[in-house]
Amino acid sequence: MLMGLYNYWVVIVLMMVGFYIVIAHGNLVKKIVGLSIFQTSVFIFYISMAMVDGGTAPILDEGIKQYSNPLPHVLILTAIVVGIATTALGLALIVRIKEAYGSIEEEEIQKKDNLDC
Amino acid sequence: MKDLLAVVMLLGIYSLLSASLFVAMDAVDVAFTEAAVGAGISTLLMLVAITMTGRSEYPERHKPLLALAVVIVTGSLLIYGTLDMPYFGSAEAPIHQHVAPRYINDSMQEIGVPNIVTSVLASYRAFDTFGEVVVIFTAGIGVLALLLVARRSEEDEKADLFNYSMHEQHLILRIVTKMLIPFILLFAFYVQFHGDFGPGGGFQAGVIFASAIFLYVMLFGMTTARRVINQSFIQMIAATGVLLYGSVGVVSLLSGKEFFDYSALSSDPVAGQHLGILLIELGVGLTVASIMIIIFFNFASRRGNQ
């Protein structure tokens, strides 16, 4: 009976994998990778909610009765492109951090900050 | 995994797989975008970034137990939260009851565009999409502010020599790709202008166009690419796209209609919608393509200067 909810569980597992990478790893590039996985899990969440059994892609044509919900598709389509733009900004920050601190490991950055004070 | 190169490549494969998952769930437009962005551009940007930051992870700090505990608790709370969610694929779910029936039943009369995703993106929710385009534009400015460097000519020559030796080695690759680039650009235009009838639109077209330029940069080197593509021109195009998008809204305001009400653009409402969607998708395509090119150029030249 509860098996009908498996899409949410897949999403939650992916989301937690991303969350784990973000909090357990000190490497900043890995944190960005974790955030990307987290982000994709949210995309899958929206798209799986838009899906209707027996439906088809929301492009109008004759003889089709059931379409999947177009609204989440729109939201996620724009979110993907915004996501890459913000990821690029994050990577740019990491590159500058590497230039300023010589490292992208959280702990070493904190050590250098503590030395400065 | 300690090797970040492997991590980034796996992320690219994961993105491509999630794109196929989107096709399986009938979201063709989304799958298109994810395949172009996730498997193409984001993998490439991350690769460029790790060439500058080092490809191996520092092994010491890794305390999995506390993190694992937090993740398991959060995950089980979330799973508990899903128990009264509607089932996967159920047509009675609340999400399908409110605005979606109107989009599906009335968009053909109101907008006259077969692809409902395009009519929602560019007409019903045009204001929302405008916000997204401005966010992309702002992110591009942020990357420019963080990474912009002045070029030095000696290093250019050094890079030229290096590129030249590389190109001698990869002659077949270079010729095959050179033949592919025009077709990729043509495909980008097809996606841009066919977005009303099939999956596609400004976002996807912009990303595909930019990826053809990336390919050119990777094969012929930054110095050649800089000669072909003028950076200040690209920056101007990025701003023009946002301006074009916003102006369509302002024009409809000035003719006494609501912001982004395209019926102001023509005496026939459906023709007005077509014109409005065409202009807005063009603005989106221009901005997305040029911002992606700006981001990639700045990452690549930063790398060349190190």
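**Exercise 1. Find what share of chain B is buried, and describe the chain as a whole.**

Solution. Start with the criterion: a residue is buried if 20 or more other C-beta atoms lie within 10 Å of its own, exposed if 12 or fewer, and partly exposed in between, with C-beta atoms placed from the backbone. By this count, 39% of the 306 residues of chain B are buried. The model is predicted: local features need pLDDT of at least 70 and side-chain atom pairs count only at pLDDT 80 or more, while totals for chains, interfaces and linings use all residues. Residues are numbered from 1 along each chain as its sequence is written, and chains are lettered from A and ligands numbered from 1 in the order in which they are written.

Next, take the secondary structure. Helices (H or I, at least four residues) and strands (E, at least two) are DSSP runs, numbered from the N terminus. Chain B has 11 helices and 0 strands. Its C-alpha trace spans about 60 × 55 × 35 Å along the principal axes.

Last, take the contacts. Two residues are in contact if their C-beta atoms, placed from the backbone, lie within 7 Å. Of the contacts in chain B between residues at least 6 apart in sequence, 72% join residues at least 24 apart.

**Exercise 2. Locate Val48(B) and decide whether Val48(B) is buried or exposed.**

Solution. Val48(B) lies in helix α2 (residues 28-53) of chain B. Val48(B) counts as buried because 21 C-beta neighbours are inside 10 Å. Leaving out residues up to four places away in sequence, Val48(B) touches Phe299(B), Ala300(B) and Arg303(B). The C-alpha atom of Val48(B) is 8.7 Å from that of Phe296(B), and 248 residues separate the two along the chain.

**Exercise 3. Describe how α2(B) crosses α9(B).**

Solution. Axes are lines fitted to C-alpha atoms, for helices over the stretch in contact, and angles run from 0 to 180 degrees between N-to-C directions. The axes of α2(B) and helix α9 (residues 202-228) of chain B come within 10 Å and cross at roughly 35°. The crossing is left-handed (the near helix is turned anticlockwise from the far one by less than a right angle; clockwise would be right-handed).

For the residue classes, Ala, Val, Leu, Ile, Met, Phe, Trp, Tyr, Cys and Pro count as nonpolar, Asp, Glu, Lys and Arg as charged, and the others, Gly among them, as polar. The contact of α2(B) with α9(B) has 10 nonpolar, 4 polar and no charged residues. Among them are Phe32(B) and Leu44(B) in α2(B), and Phe203(B) and Phe214(B) in α9(B).

**Exercise 4. State which element of chain A gives the most residues to the side that touches chain B.**

Solution. First, 64 residues of chain A are in contact with 74 residues of chain B. On the side of chain A, the elements giving two or more residues are α1 (6-24), α2 (28-50) and α3 (70-101). The most come from α3(A), with 23 residues. By class, this side of chain A has 41 nonpolar, 16 polar and 7 charged residues.

**Exercise 5. Work out how α3(A) lies against α6(B).**

Solution. The axes of α3(A) and helix α6 (residues 126-147) of chain B are 9 Å apart, at an angle of about 15°. The two helices are therefore roughly parallel (angles under 35 degrees; over 145 is roughly antiparallel, 65 to 115 roughly perpendicular and the rest oblique). Their crossing is left-handed. The residues that meet include Val81(A) and Leu89(A) in α3(A), and Val135(B) and Leu146(B) in α6(B).
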